[in-house]
Every structure is written in structure tokens, then in C-alpha cells.
Amino acid sequence: MNLTLKIWRQKDANSKGQMTDYKVSEISEHMSFLEMMDVLNEQIINKGEEPVAFDHDCREGICGMCSMYINGEAHGPDRGVTTCQLHMRMFKDGDTITIEPWKAAAFPVVKDLVVDRSAFDRIQHAGGYISVNTSGNTQDANSIPIAKEAADTAMDAATCIGCGACVATCKNSSAMLFVGAKVSQYALLPQGQVEAADRVKNMVAQMDLEGFGNCTNTGACEVECPKGISLDNIARMNRELMKASI
Amino acid sequence: MALDSKVPQGPIKDKWTDYKNKINLVNPANKRHIDVIVVGTGLAGGSASATLAELGYNVKAFAYQDSPRRAHSIAAQGGINAAKNYQGDGDSTYRLFYDTVKGGDYRSREANVYRLAEVSANIIDQCVAQGVPFARDYGGLLDNRSFGGVLVSRTFYAKGQTGQQLLLGAYSAMNRQIARGKIEMFNRHEMLDVVIVDGKARGIIARNLVTGEIERHSAHAVVIASGGYGNVYFLSTNAMGSNVTAGWKVHKKGAYFANPCYTQIHPTCIPRSGDYQSKLTLMSESLRNDGRIWVPKHLKDVESIRSGKLKPTQLKEEDRDYYLERRYPAFGNLVPRDVASRAAKERCDAGYGVNATGEAVYLDFAASFVRYGTEQAKIQGISNPSEAKIKELGQEIVRAKYGNLFQMYEKIVDENPYETPMMIYPAVHYTMGGVWVDYNLMTTIPGCYAIGEANFSDHGANRLGASALMQGLADGYFVLPYTIGDYLADDIRTGKISTDTPEFEAAEKEVKERIDFFVNNKGTHSVDYYHKKLGKIMWDKCGMSRNAEGLKSAIEEISALRKDFWENVNVPGTDKEYNEQLAKAGRVADFLELGELFAKDALVREESAGGHFREEHQTPEGEAKRLKEFQFVSAWEYKGEPKDAVLHKEELAYENIEVKERSYK
Amino acid sequence: MGGFFKSSIGRKVAMALSAFFLMFFLLQHLAINILSVANPDLFNEVSHFMGTNPVVQFALQPVLIFAVVFHFVMGFILDIKNRKANGAKYAKNNGAANSTWFSRNMVISGITILAFVLLHFIDFWFPEINTKFIQGDWSGTMPGVDGFRYHEELVHKFMNPARVVAYAVAFVFLGLHLAHGFTSAFQSVGAASLRKKLEKVGIAYSVIVPFGFIFIALYHFFNH
């Protein structure tokens, strides 16, 4: 198929960006979206111009690097996938596709479609861990049974890949789905209980400091999340913070 | 220089304990004055950084991704082995050790593997304490599954995302140390050279991938944890950015490179669909617990299936060839990866491949649906359930176990694997070879260590499933933190290493010259053009089976391609900006050297062992034929061009395991 | 605790708490107003009770005023902060793909409701305050009307078609506001399972309450 691409080009964090049009042809419907971008970039390089910069690494939907806002949706029109798992069969011959970077005050653009998501790391530094030393001399792994349901719910929260689609999608650029998932994972496990109060307070404080917006419960993040992280995690974080503060 | 593996004396089960009792320690006050650089933040690098910081060293960690959490360990799916024997099915440290050495086709170092098995149980304790949500049974205890090449269930898992959860565990341990200021994290940084001062590794030259700035970083020791080099094949299950550069740079500065030809071709990957393909996707080996692998028995059925006239589900049971069950009745579909991959290639080469490219076999879950469904019907008290009901109940169980993998398959292939068998084909997945290390995990450069997939030590010629995660975490959490202390104990009075020395100057100059060359060359072909060409040579001539003639021509072709690359490569943009093509050019340049050494190593190894299959050396039944005279590690010393590399042999002695014919029949 | 209400989550919890109070207020307001249709005498009596009872006037009324003012002021503050966090706009944004229009535009429905509240104050509340607190007339009567004045005043207001239209429009927006706000408030205070259970109740509430008010306005318009 033949496509018109409207792509956000921005030289670096300090430059102004603009949308630029490109044409690509002979795109197979079995290609992934990023393979289509590879074709485009090869074409641009062979013309002696600078290729479009975009983040990507594992290309199997787990590392959380890829981060494109495609036709007005984070990771494009498909559900439960990252951009690297989005396939061209979702598009039609002759389509015009708009491709933009995540846009949020807390995610400044590095170049073209690449953004700086280090705010997520700093939120994790503030408390995204259990303070156990790494000696291996902890108690036996089976000494505390954990109800299967709690373990499974914790796992569901823990599958977050930290891609930032929730922030990109949210009209308020809120990071609560991301933070809620991390808070929930630990809140649901007995190992995480000891520091639960400080953890949620510190992580929420850091989240606010980074300049993410507030949650207005539109639920858009849950729909666009490639890993289907549930809004329940935000509610659980709210409860945890109330519990910690009272 | 003679190779000294520094394996401690004494009985194998006491070696590690005795060693730990006798090594030099660094007191906590002195650790504050010692810096350690860790390159890579996957399971090995991440866990090592966290533990070294916990002990009190000042750690500088480097990742080319934008966060340590994105290292490619995250993509490991199936699980992690540990000799916990929670299932009471006869597992033990010795059995894990035995399975690993046998699985590696008797080409790994006994003492290292035993230590790995010994510390494996601690990993699970550690990870649970960190909040890793492993799968549990209804009693609230940890669940296990079985993997290829073993007869016990010792694999712990977190859905199909075990690597992700373990990496997030290590990342959380890092976060705690970053918050304390004990780890200084350098994201989007790439190591481009190691700096040797007075014969010791004392720092690195790194490039900031955002600004393009070249930076000098000093330390008392350098740890390479940069993963494997599967991307030398262009197409692999590795991440797009996975590269050999860190390992190759230390090799060029004096570290020997061991067994480069030992590559694991994983049997259960999604087949390629076209030339545009940028990477291959693995489907966890755990699928082989419940899936049966087959191709049609008759070529006429193959034709009908390829042309779409016949659906695989329509083919009668007696017209199918469950070739693994046929050839290996004892292990069946759970034979080790190398065996399963070669068997798939054998069938496809014989013309039985089931897709348009002829490179695919079926992985069929229909029998599991029936088995699980019947069981569920009994549990739920449904009498005389219909076939459809049984299938539905069975599919529920399979969905709970592998739902995310089935969904991933459907997204990529656009076929519903609940209704039609999956198609799979082997793909490059892991490299057992790597930087040579001794028992201390130190390379032949004093003060330079290599851990995880970057080193060569534990998996011999073939790695068993769920063992990579085990090795990465064992090295990082429990082995390196001891062994590095023994070395650093001599450095307590050294003081801060200056970066303002001729050694750093020279290394930085070399790095800058190379970068200048790339951005100024303005050649005719893109970096990917060369990478794809290299990949094709590697896959065709150094792939699942190899022969002397092919390997010789591979050496020549790669050498010629490298020459072409250095004349005609085109890197757009400048060096003072975010420039992915520039970063990639450096990586491909190193792959072009490694690839040749790889072929040379494969040529020298005149036997078949594990993932290395030489067509000249096989039994009449087509099984791999190992030779006693090749019971050694090939450690290559850099001497300029790859063709000039000098071979050093580390003989492998097996005192605790009888070296036998490796049979899974 | 003070730190809690300074945090993003604390603020949204406060928004939810004021919302709960306002939703309860709306319900009782509707219940009383319905009486103006069903039983004008009882309406007058209840109105007089509400208008003169010291607990209602001096305890609940200030809470109501606080809740209304807080809900609006905090709503605007949060909206401004959220706009700042949102940074640059997308060239193409397909919000409809993942959320409802009314959940994304609470500030628009909110502004409409604010305009209505001002009108409502001018119509009813300011005259009430004037009568009771400035002129000191707590009798609930007016010249020319037998018994209490409340029903008569109400009917009088709804004789103007422009006012009826304005009321109807405002209440449609109130309905949209509630369609998201009702369940959203439960989510904000962490009651996720209650949110899901009450989804239908929320829809019913956001339809019945506004249309109840609209019905009353239309009823009086057409019957008097």
C-alpha cells in the first residue's frame, strides 16, 4: 500500500518543531509500524537527509521504549499493543497517518519522536522498591504464603512497561496509572506492607513535583494502555494515600 | 599468556564456600573510596550495580536505553530455574548442575556451573523479598513449570513475563541505591572503549547518546554486563540495540573472547514473513509443555496446505509426523533447544515446511485443550460434556497459562492460535560464547569483569531454558560482589583514579577519530545495508548447521564486506546530536569483526557440540557427534585483524560428571 | 493531613467529597421541588421549614456555600494546573477513541452550571437573603398571597420562557457533568468496586435529577 505520513520533526529540545509530510510506497500489510518507519528512514537516508528519530528497542512489546502518538492515539488505533506490535493491516492504501511524539510538560522532546521520560525513573527512586538488601540471606521464598488472587492482581499491576502512553493520552498528562500500578503491586504483597505509607506519600509527592497533571477519571489511560493496566490501581493508590495520611 | 581458570581446590560442593571463607575483604569504610563501573543494566548488570552499591562501593552504571528497566532481559518470558525442590520431584543442586553441564554438551566449566546451581535457590528468596510476583498455587505457595532438557519441574515464572518481573526487581533494588546516591546512573550512554592504566582496567570512554559528547569515566574496576551478540545475524530475538561493542572493545584491549561460535537457535519463534523484517519474536519455550510439534507426513499434504487447499486442522492424525516424539520418545517435545531446532530444520530442508517460505512447523495445542478440558469437566462435575464444551474448558486453562503469548502471536501473524495450530521456526536467540572469564568472573584484563550473557562460562555449547535469568542474577547478586572484593582489596590505598592521564587521552582520541570518520565519510550505503548483508552470510553459513567450505567462504565474504563498509558507509547527521545511525555504525563495525572471528572459531571446532553443528561430524542418525579432543574452551586473543587472532585452549576436566553421549531418546 | 490536601490526590479526594455533598443536596432539592407540582401546600410548609430552621440556615447553609464555592474554585484551579501539565497540543487527537466527551469536558459543563448557579442566586437566593437577613422578615408570607409565599414565587419565575429555556439547557449540562461526576467521585475516594457497581445508578441519577428539575420548570410554565 501507499501512504502519506505527517511526522513531527524537531531538531532538539530547544528547537521548535513542525509537522512534515512524507510518502512511502509498497508497504506490506504484514509489516509492523516500526518496520514501515524503517522503510521510510532508509528512503530518507538514501536521499542524503536525516532520518526520523524514534525510540524503539525490543520490538516485541515489553521494553516500553516505543512511544508514538499515531492518528491521535497512543500506540495507534489497535488495542493492547505497543507501536512495535501495531501492524500495517490496521491501515488502508492511500491513508494519511499523523505521527507525533508523546506530548506532556513532564516529557520534553529530545528529538523528533523521542521524548525524555526520566520523570518516571525519578518517581521510582522516590519509593518504587522494597528496602531489602541484596545479600540473598532473606527468609525462604515459601515462608509467607500469598493468596493466589493477591499475587495475580499484583502481577497484573506489575506488568506495566513504563512506556508513558497513559500520560500521553491523558488530557491532563496525569501519571496516575503508572504510579498507581507500582504502588498497587507492593501494596498487594505482604513484603511491601512495611513501607507502604512512606512509599505512597513519597511517590505521589515526586509525581506532583515532576509536573504531571491530576486525574479526572476519564479512563482514557486504561483504554490506551498496551498492557491493560486497570483503573482500579489508581483507586487503590488513592486509598493507600488516604490511609497513609490519616 | 597461559589461561588460568583459578578454580579453587577441594571437592566441588565445598569450593565456593571455602573460596568465600578465604578471600580478601574490603572493610566498609574503605569501600566508600572505591569506584566500580558497570556497563549494562540487565539482570546481571542491574543486580551487580545494586549489590555493589549496597556493599558500599560507588557505582557508575551505564545503559544505552533511556532507563535501566528497558534492558533486553525484560523480554525473557518463560521462567527462571532454581534447585528448590518445592515439588518434591527429586531436584537437587547436583541435579541442576548435572542437567546444565549435560545440556551444555559438556563444554562448560564444572566449578562455575556447580556454583550457579548452588546459589540458584537464593535468587528465588531474594526476588520474593523484593516483591517479584511469581505465580502461585491456590495454597499461596510458589508454582513451578517444566522446561526443555530436564525431567523435573524447577522453573519459577511470572506469567509469560518472568524476565520483566525479575528485571523490575533488580531495577527496584537499583532505584533504592540511586536514591541513596550510591549508584550514579548514566542513561542513554554507550561505552565506546575501556581504558587500561598500568595493565589494569581503570575506566571507560562513553558517548552521551543525546548530546553526542564524549566522556571519560574512571573507576577501580570495570564490569561488562552488556549481554549477547545475537544481532550479528541481523535478525534475532535480541533487541534492536543489543550489541557486542562493550565486549568487543575489551577484547581488543586484551580480554580473550571465548567460543564465539556457540550460538543458541531457539526452536519456538514466529517465522519470518518478508525481507523488511527487522527482528524475530520468540514464543516462550514453556509452550512446548502443552504444544505438540508436527509437520505433515506426506509431501502432497504439504503442497495442499501451502496453497491453502487444506487446513492443518483437517489433516488426519495418522497423516501427521510428530517428529520430536518419534525421534526422542523419552523427552518428546521437551528436548533441549539445539536438538529441537535442528530437527525442525531437518524436516523443513526435506521439504515439509508448512508456510509459503517453507520455513515453518506446527505447534499444536488441540490435544491440550482436550486433556485440560476433560479434567476441568470432571472437576466441575459436568457429565457427558460435548466436544465443544471440553474444548472451551481446555482453552480457558491454556489461556490462563499462556494467554499473553497467544495474543502476541495473533497480533503478529493475524491467525487465531486457539483455532489453528501456531507456526514456528527457529531463530537466533542467545549466545553462549562471550568474553573469557576465570572463576572470579574476571577477564584476562586485570580489574575487568564480564558477567551474564556477556561472558562465556556457564552454558557450554547450549543453554537450557530458564537458565539465562538464573545466571544473570547469580553473577550479579551473589558471585561478583564476592570475587570483585578479593581484587579490590589491593586498591584501598589507590585513591581516586584521574581521568587526566595519557591513557584516557589516547583512548578518547581513538574513539573520536572513529566517530569523525563515520560522520565525514558520506558513502553510498546505509549502515543497515551492511548489517543485513552480514546477517545473511552469518545465517546461511554459520547458522544451524555449518561446514568447512561454507565457513571458509564466510570468512572471506565478511572480510570483504568489512572493507567495503569502511569505504562506503553512509552515516547521516552530525556527531553532536542524537544520532541513532551513528551509534549503529559503531556497533555494526564491531559485528563485522566479531562475525569473522565467529566463523573462524566454528571452522577450528571440528566437532559438533550443542548449538554448534558441523555437518562433517554427525552420527548416521544425524545426531551431533562430539569429540574428546575438542573438550576445551577456545579463547581467542586479539592480534589486529580477526584472521590473525591467536587461539588459547582451556582444557575442560569433568571430575564430578561422567562425560557421556548426550541422548534424549 | 495538611500535606494530604496539598497533594494532587488529596485535592481530587476533596473534589469528590464536596461532590458527594452537592449530589446529596441536589437530591433533596429535587425532592422538595417535586412537591411544588404534587402538593403545593406541603411544598410551602417544607420550604418554610428549610428557610427558617436554624440548623438548616446556620449549619447546613454555610456548608453548602462552602461546598459550592470550593467545588468551583478547586475545579478551576485543577483545570489550570492540568492544562499546564498537558504542554503542547497534538496536531491530531482522537479523544473519542478512549473516553466520553463529557468526561473530558467537565470544565465546560462546570462553567455552564456556574452560570446557572449565578442566575439561580439572582432569582431565588439573593431575594431570600435580602428578605430574611436585611429586612428581617422571617414570616414566609408576602402581601397578596394567602399562606406562605414560596409556591407563588416559584410559579412566577417560570412564566418567562427565556428562563425556562436557560434552565433546561443548564440542566442538560448538569446531567452531562453528573454522568461522569457520579462514578468519578467514587473512583477518587478509592472505591473502585463501588464505582463499577454503581455505574447504572450513576446514569439513572444523572438522567433523573436534571430532568426532574426540567420537568418542574416546564410543568409550571405550561400550567400557569
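Two residues are in contact if their C-beta atoms, placed from the backbone, lie within 7 Å. No contact joins chain B and chain C, whose closest C-alpha atoms lie 20 Å apart.

The structure is a predicted model, in which local features need pLDDT of at least 70 and side-chain atom pairs count only at pLDDT 80 or more, whereas totals for chains, interfaces and linings use all residues. Residues are numbered from 1 along each chain as its sequence is written, while chains are lettered from A and ligands numbered from 1 in the order in which they are written.

Between chains A and B, 68 residues of chain B are in contact with 68 residues of chain A. Several helices of chain B each supply at least two residues of the side that touches chain A, including α6 (162–180) and α17 (580–604); helices are DSSP runs of H or I with at least four residues, numbered from the N terminus. The most comes from α6(B), with nine residues.

Helix α17(B) also packs against α16 (residues 548–568) of chain B, at an angle of about 165° and with the axes 9 Å apart. Axes are lines fitted to C-alpha atoms over the stretch in contact, and angles run from 0 to 180 degrees between N-to-C directions. The two helices are therefore roughly antiparallel, a term for angles over 145 degrees. Residues making this contact include Leu551(B), Ile555(B) and Phe565(B) of α16(B), and Leu592(B), Glu596(B) and Leu603(B) of α17(B).

Conventions
Angles under 35 degrees count as roughly parallel, over 145 as roughly antiparallel, 65 to 115 as roughly perpendicular and the rest as oblique.
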